[in-house]
Amino acid sequence: MKKKQFKTESQKLLDMMINSIYTHKEIFLREIISNASDAIDKLYFKSLTDTSITLTRSDYAIFIKSDEKNRTLTISDNGCGMSADELENNLGTIAKSGSFDFKMENDQGDNVDVIGQFGVGFYSAFMVSDEITVKTKQYGATEASMWRSQGVDGYTIEPCEKETFGTEIILHIKEDTEDEKYSDFLKEYKIRQLVKKYSDYIRYPIKMTVTRQEKKEGTENEYETVETVETLNSMVPIWKKPASEVTQEEYNNFYSEKFYDYQPPLKVITQKSEGTATYTALMFIPSHAPYNYYTKEYEKGLELYSSGVMIMEKCSDLLPDYFGFVKGLADSSDLSLNISREMLQHDRQLKVMGKAIEKKIKSELLKMLESDRENYEKFFDAFGLQIKYGLYSDFGMHKDMLSDLVMFKSSKENKYVTLKEYRANMPEGQEAIYYAPGESISRIDMLPQVEAVKEKGYEVLYLTDDVDEFALKMLGKYDEKEFKNVTTEALDLASNEEKENLKKENDENKDLLLAIKEAIGNVSDVKFTSSLKNHPVCLSSGGELSLEMEKVLKKMPGAEDAPKASLVLEINLNHPICEKLKNLYENDKDTLAKYAKILYNQACLISGVTVEDPSEFAKLVCDLMI
Ligand code: ADP
């Protein structure tokens with residue numbers, strides 16, 4: 001019989017499949033099963049109008065049989081089957097599917113990825129087989145045909161015997177190599193696992209003949225081989241069931257099996273959308289961040305299904321970065337199974353889905369914040385940092401989406417407070433939202449400026465993460481109130497009368513203050529303040545850049561060029577130290593210089609700024625003691 005050659009482009013694809021180094025060769029089974037399911041769909045839909053087809057829905061099934069001895073894996077269906085011509089057209093030429101066009105354009109490129117993301121249909125079976133036989137017969141036809149190929153050198157088509165209608169695909173599995181144990185694909189456990197992983201939600205039963213050794217009836221220890229047929233797939237996806245029919249436990253089990261997390265999720269989100277984008281989504285908020293969450297290795301994304309068949313494991317377009325912690329899937333009947341990654345990126349449908357999913361996640365988080373505070377705080381402990389990065393990123397573009405989701409600890413109690421709550425608690429006369437950045441809650445709580453603001457009866461947000469202040473700066477305002485760092489000199493809590501007095505003191509003691517500034521050397525200003533309570537001094541920053549921001553910038557790559565905060569030493573006008581300083585200025589300028597240094601270093605210590613010369617500082621203090 002004459003061997004026919006594959007069309008050129010099919011040849012190329014075949015080559016690629018046969019020599020594939022792709023590590024997920026297992027997807028071939030998904031491809032073959034999906035084809036079988038499509039073929040059954042075709043016959044089923046035809047039967048809806050064609051009364052000569054006397055099948056009911058429950059008659060349809062896909063069968064898998066493995067023969068380890070002969071190394072064959074047979075997948076058969078009772079779908080529409082193919083005529084000899086169709087066989088020629090369908091398997092002699094590769095389908096004009098999107099993934100294939102893409103592949104041709106990227107011939108030199110990253111083919112491997114394309115296989116993984118979308119599969120390339122029937123030919124992917126050549127990744128694991130050295131010979132493929134397809135026997136097929138259309139419903140109602142008398143003749144059957146057989147297609148056979150060992151790959152590159154072409155294929156044959158001839159008539160054959162086949163009793164039942166439908167298609168039977170016999171894969172002769174490759175011999176094992178050092179790198180690849182192809183025999184695994186003949187093993188029952190592996191087949192089960194693959195069906196569960198990729199095709200669990202195929203609408204028709206996927207049955208497998210399994211053989212068991214069973215004791216012969218009436219004998220002591222004689223065994224016989226018994227064949228039974230099992231259905232491997234659950235058929236109805238959990239996300240297609242109404243949420244009211246699924247128990248929390250079922251969702252939790254599904255989550256832990258699918259996403260390998262043994263701690264139950266904090267929240268299950270279900271979404272069914274119709275209209276511009278028709279899809280169902282099932283999402284989970286994990287209770288803790290995966291170990292690699294805040295690293296480059298972490299890949300966000302939802303699984304993407306097209307009518308129950310998984311087409312992409314991590315579709316990142318469905319989740320914005322700041323909700324990258326969400327696990328789950330989306331299933332749409334509007335997407336083509338053969339759509340390529342390239343096309344998917346531009347897919348309007350996917351964009352619409354992504355937007356709607358983002359909104360849904362936000363509204364569910366807000367709901368949780370309102371009605372399940374305890375879990376929301378757990379969520380925020382795990383992923384709050386991500387939300388704050390989200391506020392800061394893209395020049396604050398997402399602030400409307402995120403500003404109501406952030407929380408900070410505050411001076412009130414050691415508890416989280418949202419911006420909305422803070423705003424609602426603001427007493428009359430409070431003009432700004434106060435915050436103080438620092439290394440830890442306890443250190444911030446000790447800052448002189450915090451003490452002063454608390455004294456006024458105002459709440460202070462405690463910012464302990466590096467990104468916090470940057471995020472608030474990006475936000476600028478919340479509900480018309482500006483954010484104010486209490487450790488900047490711009491903090492202005494004084495009454496008019498106090499202000500006048502302060503100005504007078506500062507003017508009258510200009511020379512004293514200048515002398516102190518010169519003794520210290522690296523502060524941009526020294527001045528009296530009336531906003532401190534018990535502390536003699538504090539360090540604040542002059543310009544836009546706060547001390548904490550400077551510290552964060554210093555930690556980043558290229559830190560040598562990082563801008564520096566301008567430091568201002570503020571001296572408590574109501575503290576006895578003032579009189580002492582004035583006195584020294586008149587009588588003992590040397591001691592004044594020493595005092596200036598000591599006070600400055602004290603302020604540094606309190607603000608968590610490194611003391612530049614600790615031994616000088618220690619010596620100065622000791623000199624005072626003796
Ligand atoms: P695709 O499924 O993307 O069209 P494939 O290479 O997987 O590409 O299959 C090519 C064609 O072969 C299918 O479009 C279908 O018409 C036909 N085909 C494949 N498997 C079967 C089957 N089990 N029953 C009937 N037709 C099939």
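In which loop is R71 found?

Analyst: The model is predicted, so some limits apply: local features need pLDDT of at least 70, side-chain atom pairs count only at pLDDT 80 or more, and totals for chains, interfaces and linings use all residues. Residues are numbered from 1 along each chain as its sequence is written, and side-chain values use heavy atoms, with hydrogens and water left out.

R71 is found in the loop between strand 1 (62–67) and strand 2 (72–77). Strands here are DSSP runs of E of at least two residues, helices are DSSP runs of H or I of at least four, and both are numbered from the N terminus. The phi angle of R71 is near 55°, a positive value in a residue other than glycine. R71 counts as buried because its relative accessibility is 12%; buried means under 20% relative accessible area, exposed over 50%, and partly exposed in between, with a 1.4 Å probe and protein chains only.

At 44% relative accessibility, D394 counts as partly exposed.

V152 lies in the loop between strand 4 (144–149) and strand 5 (155–160), and with 35% relative accessibility it counts as partly exposed. Leaving aside residues up to four places away in sequence, V152 touches Q5, F6, Q11, D15 and I18; a contact means heavy atoms within 4.5 Å. The C-alpha atoms of V152 and S333 are separated by 35 Å, and these residues are 181 apart along the chain.

Of its 626 residues, 51% count as buried. The C-alpha trace spans about 120 × 60 × 50 Å along its principal axes. Among contacts between residues at least 6 apart in sequence, 70% join residues at least 24 apart.

Confidence is given by pLDDT, the predictor's confidence in each residue, from 0 to 100. The chain averages a pLDDT of 87, and 93% of the residues score at least 70. Over residues 95–119, however, the pLDDT is below 50, and this stretch has 58 contacts in the model beyond near neighbours in sequence. Where pLDDT is low, the predicted coordinates should not be read in detail.
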